[in-house]
Amino acid sequence: MKEIEKKLAGKIDRLTNKTFKFDERIAEGWFSAVYFLKTREIAEKKLPDNYVTMQFFQKEHAVLCGTDEAIALVHTFADKPETLEIHSLKDGDKIEPFESVLTISGSYQQFGFLEGIIDGILARRTSVATNVYNVVKAARTSGKQKPVIFMGDRDDHYTQQAGDGYSAFIGGSTAQATHAMNEWWGKKGMGTMPHALIQMFRGDVVAATRAYHEIFPEDDLVALVDFNNDVITDSLKVAREFGQELKGVRLDTSRTLVDKYFLRNHHQMGTFDPRGVNPELVFALRKALDNDGYKHVKIMVSGGFTEKRIQYFEQQGVPVDMYGVGGSLLKINIGFTGDNVLLNGTPCAKEGRRHRPNPRLEKVEYHKQ
């Protein structure tokens, strides 16, 4: 049983290093800025009895993520972590600008060298969770929630997939492209076919879809239909071949191309941008499928979709059933800061910063990792 299942069932409060599997070199300070390591040494030799409170915050309206990971980090690598006092919000909490989300109290030399790593964990996880939350919210602008598939595998280093997938889950995405993205929270990645499969069948979408269906008969059959830049023609081909077995088609037209449908229908041009996956193309595809009796075939779109673009599609009533989103969800636009704000119980912080008590913070119990 995954830890996330235990957490959702109320059997544990937070995920631990059993989920995160930290690099053991963290203990050596390998990933800490050198000045933190030097400060730890000075504190050990010159100020061994000081007791500090470090407070973490950011400056946006956001969906918090990374607290379980940050706490597990401290519990794994801090000196005598059982003696530290930690208070924290939880993954998934909505947070305000400058709100304290995590505080750690103890001797600086116990945990201070982890400050930058904690900032980085919270920044990336919260950025991705917030981006996904905003995209999922945009995908229900029309009043009906459209599923959002997290497809960020090609937009960042592969080692980030597990954490990004968990952050996307916290943000509201329930379907993801790779098994690694599902590692911390789900079961298996999902997806159908890439352009490479169709290419190997020399552009024959029907043949590629037939091969896919023969090898993976239990999967919902969704055909990729933009390889030949003629999505309506190819969608109708696969619909006529597979009938009720065809669950959906996916459009991933490049933003530098104009689909051949518009080249055949010049009279529709001139009032909109005809490049890529655009509303008029989706309306035309829906009409063509419906007119041929394939109302059951759902339409999925991907390729450069962002929160604003999805919101626009929804406001225009574009008949999209599912969105695939990648790179826009991985923009790191939220930064966290850790500040020492109390010294031996007395307020003491850099100019412009202060202790900000937060009644929403919950005390975190120590659990050996």
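This is a predicted model: local features need pLDDT of at least 70, side-chain atom pairs count only at pLDDT 80 or more; totals for chains, interfaces and linings use all residues.

Guide: Let's start with a salt bridge: the side chains of Lys-237 and Asp-234 meet in one, 3.9 Å from N to O. The term means a side-chain nitrogen of Lys or Arg within 4 Å of a carboxyl oxygen of Asp or Glu. Residues are numbered from 1 along each chain as its sequence is written, and side-chain values use heavy atoms, with hydrogens and water left out.

Visitor: Where do Lys-237 and Asp-234 lie?
Guide: Both are in helix H10 (residues 231-242), three residues apart, about one turn of the helix. Helices (H or I, at least four residues) and strands (E, at least two) are DSSP runs, numbered from the N terminus.

Visitor: And is Asp-234 buried or exposed?
Guide: Asp-234 is buried, with a relative accessible area of 4%. Lys-237 counts as partly exposed because its relative accessibility is 44%. Buried means under 20% relative accessible area, exposed over 50%, partly exposed in between (1.4 Å probe, protein chains only).

Visitor: How many salt bridges are there by this rule?
Guide: The count comes to 18. In one of them, Glu-69 and Arg-125 meet at 2.7 Å, N to O. That pair links distant parts of the chain, with Glu-69 in helix H4 (residues 67-77) and Arg-125 in helix H6 (residues 115-138), 56 residues apart. Both Glu-69 and Arg-125 are buried.

Visitor: Which residues join Glu-69 and Arg-125 in a network?
Guide: Arg-124, Asp-156 and Asp-164 are in it with them, through salt bridges that share partners.

Visitor: Switching topic: what about strand S1, is it covered or open?
Guide: Mostly covered: six of the six residues in S1 (residues 52-57) are buried. Val-52, Met-54 and Phe-56 point one way, and Thr-53, Gln-55 and Phe-57 the other.

Visitor: What does S1 pair with?
Guide: Five bridges join S1 to strand S5 (residues 102-106), running antiparallel, and six join S1 to strand S12 (residues 337-343), also antiparallel. Two strands pair if DSSP finds at least two bridges between them. Met-54 stands opposite Ile-104 in S5 and opposite Asn-340 in S12.
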